[in-house]
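Please open the model in your viewer and keep the sequence panel beside it. The stops below say what to select next and what is to be found there.

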Amino acid sequence: MMNIALIGNPNTGKTSLFNNLTGSYEYVGNWSGVTVEKKVGIFKNGKDQLIDLPGVYTLNPLSKDEGVVTNFFLNEPFEKLLNILDASQLRRNLHLTLQLLEYGAPVIIGLNMLDVAKNRGIQIDIAKLSESLGVNVAPVVARSGKGCDELAELVTAGAVGTGKNNLVYYGKAIEAGILELENKLAGKIKHPVRWLALQLFEGNPYVKNYLETILPIEEIEKLINSVTVDQQQNADSKQALDQVIHRKRSEAIDKIVSAATTKQENKKVPLTEKVDMVVTNKFLGIPIFLVLMYVMFMLTFDWLGFPLSDALDSFLSGPLTSGITAALAAAGASTFIKDLILDGIVAGVGGVLVFVPQIFILFFFISLLEDSGYMARVALVMDRLMESVGLNGKAFIPMMIGFGCNVPGIMAARTIETPKERLMTILLTPLMSCSARLPVYALFVGAFFVEQKAAVVLSLYVLGVVIALILAKVFSKTLLKGETSVFVIELPPYRLPQARALWRSTWDKGKGFVKKAGTFIFAGSVLIWLLAYAGPEGVNVSMDDSYLALLGGIFAPLFAPIGFGTWQASASLFTGFLAKEAIISTMNIIYFVPDEASLQGLLAAHYTPLAAYSFMAFILLYIPCLATVATIYKETGSRRWTAFSIAYALVIAYVLSLVIYQGGRLLGLT
Amino acid sequence: MIANILIGGAIFGYAGWAFYRFIKKSKEGKCAACSIQSSCSSNCSVSQEKKIK
Amino acid sequence: MLGKLKTGEKGRIMNIASADKFVRRRLLDLGIAEGSEVCVKCILPFGGPVMVESCGQCIGIRRKEALRIEVERV
């Protein structure tokens, strides 16, 4: 078995290639750095492993996401590298390739987007390119999978050459510095010293850190200083080492590229630019974004999602329930088992499953936005607004992903380069209303706001965003001062989303929801039902005397000022910490109804519309779910910030619900 | 009677297992499912990354 | 200055040294350095970012950074 690492610039079709080589279900996106996790797939030969690394321009990292790659090269065993290149941006892509060749591992190159290059009038002589780099180059079309089988064979077949590792001569001073480091490190490490030295001179903090574990820190500093001084004396210029190295590489690349490509002028305006003239237009950019969001919500909640959910609901409460009843009767089940299954499991799990269509529609749109390349434009369009609250446009992307699920949203914050903005984005992403909160809204708007379903739900989403923006402003003025925010974003060309990739991406995101319904929600429903079934006075007690009522009753008075001081509400809020959709299951079980429609009828007796809105706002903000809290802890590495993210959310939720409920009452609303 | 015990046992057994798995997974975050977890630097060694900078 | 160009105008980058260190690095990563030819594709309102095209790729940077990049019109 071999470990093969897939590496390349962002937006070169790396993730599509990964999918085509491994045939695994993988998340495909199009904005800078969608691969925030390290993923491993098995080649179609069933043996070798392909490791998907985040997209990087160079091995010298700027963001944490890119640091993953440097760490991989320093700490992990792998046999080969598969480097994917964008043929239309060969010069920039080759900077990374040169560094890979300096590392000295066997490299195979997959040359993607030859069609795009051709449209721009660039012809590439693959044999020449392969010859001048000293490695195999294979043309592929990552999106359609053409050429991938050949590439897979090339990669997984036995030994491969390491290419030329001395393509660039960096000048006397730097080459001498490399030799000196070689002498110092002789026999002490397994990594290629030439690569380490060049990364060190370029200012790669990870490599420096690594070298400090082997050599005394003063010696390293001394080496860097002496090379810098020598270089500046030799060249008689004030250029820093990293600039010199970059320039030398560029010169070498120019030679390679001009030998291997021919270019003709092509005056055709690409379609991407025509589209961009509209969607990033001075006046139309923001309105277009808002309209798209509105259409997305209307489809999810009103036009398409609601009818589908209703149909599913009537199936669950009709044929399915009567079928189970009949089957249980035939098996001779006792009333206990019958109640457990119908009032516990069917009510709890069914109550969540009903919302699968709506959640899939939402995930479909998020996938569509990612896959088409529009996400990066959203970041551009929103940058001015985000800048005014101390963030940058890129922070909007984790938030958008957070609408689907907060966990990947928080992980996506890794592509944000400055630590301060990254932390803020992590803290604020849980305020984005994730799909698990959607069932709660759907239930309540169905009961109380039938006429304005989509508008009311949209208002909650907007509420989350507005609170996040206000808090960003507050945090950047108080807790997280200093550090200027910067923003540079690559806008990849638009791509027509492919049905297969879209479906994969949607399914990949949505399946977690379905899986959770079958595992955790199932277990939770059984537990909640038991707690509601038993009480201090025995089993099969009246619900108001159950353990659940007792438990909920303790905290109920706390929630009275914000409109829902019932034990049922506080009991469901508890389960909501584990997973937001558990709130629905709990309510279904507590109110002892088999389906959504009758629950809505019952709710009307327990809540006023105002209290219902206050409850929804509270659910939106009150606490990140358990998985999100764990992710925040993993990503920040700080107990303090994790605790802070929980505490501030509780405070904000309570205050806001208080304002909504009491303010609404003062205004005469009910 | 036997059917009752069988169904009840299956439900409670599965529920207990699912609950245990969920809590364990949630606490570990996404790393639990990763095959190169042992040497993965993207998720599990945040403390190491914090030293740099 | 790059930030002074109007939509559709082209320029060649003369000096990038006064731009933010991070922005400079990122632009370098994207293959944009002294000597690159750039074309302003659009400018977002309220002092928002500018979208610049170079060698067939588009990038977005903030106006205030664009104002620190010297260009000559071509």
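A salt bridge is here a side-chain nitrogen of Lys or Arg within 4 Å of a carboxyl oxygen of Asp or Glu. Select Glu102(A) and Arg249(A), whose side chains meet in such a bridge at 3.3 Å, N to O. This pair links distant parts of the chain, since Glu102(A) lies in helix H3 of chain A and Arg249(A), 147 residues away, in helix H11 (residues 241–260) of chain A. Helices (H or I, at least four residues) and strands (E, at least two) are DSSP runs, numbered from the N terminus. Glu102(A) is buried at a relative accessible area of 4%, and Arg249(A) is buried too, at 1%; buried means under 20% relative accessible area, exposed over 50%, and partly exposed in between, with a 1.4 Å probe and protein chains only.

A word on conventions: this is a predicted model, in which local features need pLDDT of at least 70 and side-chain atom pairs count only at pLDDT 80 or more, while totals for chains, interfaces and linings use all residues. Residues are numbered from 1 along each chain as its sequence is written, chains are lettered from A and ligands numbered from 1 in the order in which they are written, and side-chain values use heavy atoms, with hydrogens and water left out.

Arg247(A) is partly exposed at 34% relative accessible area, and Glu251(A) is partly exposed at 42%.

Next, select strand E5 of chain A, residues 107–112, where six of six residues are buried.

Leu82(A) has Ile108(A) as its bridge partner in E5(A). From E4(A) the chain passes through helix H3 (residues 90–103) to E5(A) in a right-handed β-α-β crossover, that is, with the strands pointing away from the viewer, the path from the first strand over the helix to the second runs clockwise. Strand E7 (residues 136–139) of chain A also runs parallel to E5(A), joined by four bridges, and there Asn136(A) stands opposite Ile108(A).

Now show chain C, where 31 residues are in contact (heavy atoms within 4.5 Å) with 30 residues of chain A. About 3000 Å² is buried between chains A and C, with carbon and sulfur atoms giving 57%; buried area is the accessible area (1.4 Å probe) that two parts lose on being put together, summed over both. Leu62(A), Lys282(A) and Val488(A) supply 20% of the area that chain A buries against chain C, more than any other three residues.

How many salt bridges cross this interface? The rule finds four. Select Arg26(C) and Glu66(A), whose side chains meet in a salt bridge at 2.6 Å, N to O. Finish with Asp383(A), Arg384(A), Glu387(A), Arg62(C) and Lys64(C), which are linked in a network of salt bridges.

Key. Two strands pair if DSSP finds at least two bridges between them.
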